[in-house]
Amino acid sequence: MSDLLTEYMRKQFPSLKREIAGYPIAYLDGPGGYQVPESVINTVSDYFINMNANEGSQFETAENTSMMIRNARGVFADFFNSTWDEIVFGANMTTLNFALAQALMREMTAGDRVLITEIDHEGNRGPWLQLRERGIIVEEVALDVSTCTLDMKDLREKISRKPGVVAVNYASNGVGTVSDVQEIIRMSHDVGAYTVVDAVHYAAHGPIDVRILDTDFLLCSAYKFFGPHIGVLYGKKDVLNRLHPFNLRTQHQYPPFVMETGTLHHEGIAGAAAAVEFIADIGLRFGQDSVGQTDRLKDDRRDRILAGLLVIEKYERILTEYLIETLTSRVPKVSLYGPPEGFPRTSTVSFTYDGYTADQVARYLGSLGIFVWGGHFYAIRLVERLGLLDRGGLIRIGIAPYNTRDELDRLVAALRDEEALRRFVKNIH
Ligand SMILES: Cc1ncc(COP(=O)(O)O)c(C=O)c1O
């Protein structure tokens with residue numbers, strides 16, 4: 001099955017045919033953004049050709065645009081297991097989270113507390129840290145540096161101080177750790193806090209169920225899972241109903257529109273829905289084993305999405321284990337940073353390379369057509385706490401369902417060739 005899936009996937013992405021300096025490009029920077037399949041590209045292009053208009057006008061394309069957006073909310077409702085009116089579209093996760101923080105600020109007074117974490121991307125830290133200007137106390141759950149996981153004892157202690165908001169990462173884009181957000185949400189609700197989950201990194205790698213999580217808010221970005229560059233916010237309907245976000249009198253003052261300022265990114269929304277449909281289609285083609293009932297898959301998009309994500313999860317797990325094993329056994333200069341074996345994780349594998357900075361290694365790999373990112377990836381606090389910020393950060397490999405074992409072998413061979421790395425670094429300085 002895995003070979004058939006690889007073969008199918010490789011055909012869907014036009015960018016995979018590109019070469020650089022005679023090398024086929026291995027896109028191993030999934031956590032920075034996925035490559036985009038033809039179906040999504042065609043949907044975006046079709047929007048411009050057949051539907052391009054602003055909403056609210058009295059002609060066909062405007063009405064079709066509104067219908068397309070309504071349909072896209074339904075697609076994301078299936079993605080999260082919510083209802084359509086709990087789906088808010090925006091420019092990106094960070095911008096939506098700033099709007100959310102501003103709205104929740106109106107519910108708080110000086111001396112109230114917000115809890116964030118050290119494992120999070122700045123997109124789920126900065127919007128909350130700015131509330132310090134208004135006298136809000138913002139505390140941070142410590143990273144357990146030895147395991148690259150959240151320090152749950154510290155978390156319990158800080159939740160007991162009754163924060164009004166707990167903002168936490170589902171999975172770390174820096175080191176791939178998946179946190180027990182369901183348990184964190186339960187503890188947060190016990191003290192009456194609103195919960196905000198950053199699922200930007202996680203969303204590409206596993207199923208999300210906001211009903212089971214019971215979170216108040218959850219954010220993701222479509223460009224991390226085959227889509228265009230837009231952000232999506234899930235907000236529990238009764239909570240959204242209670243909020244007073246900054247907005248215009250010309251907007252509907254009820255969910256989901258209450259949070260959506262200005263003209264939406266129509267073509268991006270069309271493409272984002274097509275990206276979720278792409279995952280659902282993987283479920284239909286390759287996911288029968290995971291759900292067991294083909295008929296049900298045909299009838300129910302949520303089931304297809306779940307099946308697709310389970311197929312993706314399995315494919316990535318095999319490659320991730322292979323990569324970790326190969327790096328550990330074959331590249332002695334590499335030191336891995338990530339959760340311990342057996343701890344939930346994504347296919348994101350980060351490391352340092354003794355004697356070279358992450359920037360040098362990433363540039364060297366890039367010159368061989370192996371695209372990876374070196375640095376802090378905006379998970380700057382995590383990298384700082386690992387003691388790596390002054391040393392240039394981490395080299396990050398992200399495995400997507402279109403990546404192959406051959407690409408990982410190319411990566412490992414390049415890392416083993418220290419002489420070539422040394423020559424490359426000498427030439428660029
Ligand atoms: C875990 C995580 N959170 C938040 C963000 C920010 O998302 P956006 O670029 O949509 O603002 C990213 C982007 O890399 C991320 O990986």
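The model is predicted, so local features need pLDDT of at least 70 and side-chain atom pairs count only at pLDDT 80 or more, while totals for chains, interfaces and linings use all residues. Residues are numbered from 1 along each chain as its sequence is written, and side-chain values use heavy atoms, leaving out hydrogens and water.

Start with helix H4, residues 93-105. Helices (H or I, at least four residues) and strands (E, at least two) are DSSP runs, numbered from the N terminus. How far apart are the end C-alpha atoms of H4? They are 18 Å apart, which agrees with the 18 Å that its 13 residues should span at 1.5 Å a residue. The expected span is 1.5 Å times one less than the number of residues.

Now look at burial. Buried means under 20% relative accessible area, exposed over 50%, and partly exposed in between (1.4 Å probe, protein chains only). The buried residues of H4 include Met-93, Leu-96, Leu-100 and Leu-104. Asn-97 is also one of them. The buried residues of H4 pack against helix H5 (126-129) and several strands, among them S4 (87-90) and S9 (165-169). Contact means heavy atoms within 4.5 Å.

Next, find helices H3 (residues 60-80) and H10 (residues 266-286). Their axes come within 9 Å and cross at roughly 40 degrees. That makes H3 oblique to H10. Axes are lines fitted to C-alpha atoms, for helices over the stretch in contact, and angles run from 0 to 180 degrees between N-to-C directions. Angles under 35 degrees count as roughly parallel, over 145 as roughly antiparallel, 65 to 115 as roughly perpendicular and the rest as oblique. The residues in contact include Met-68 and Phe-76 of H3, and Ile-269 and Val-276 of H10.

Compare a second pair. The axes of H13 (residues 301-330) and H16 (residues 405-416) come within 11 Å and cross at roughly 20 degrees. That makes H13 roughly parallel to H16. Among the residues that meet are Leu-319 and Tyr-322 in H13, and Leu-408 and Val-412 in H16.

Finish at Glu-418, in helix H17 (residues 418-428). Is Glu-418 buried or exposed? Glu-418 is buried, because its relative accessible area is 18%. Its side chain makes a polar contact with the side chain of Lys-333 (3.3 Å). A polar contact is a pair of N or O atoms within 3.5 Å; within protein, one must be able to donate a hydrogen and the other to accept it, and residues adjacent in sequence count only if both atoms are side-chain atoms. Leaving aside neighbours within four places in sequence, Glu-418 is in contact with Lys-333, Tyr-353 and Tyr-356.
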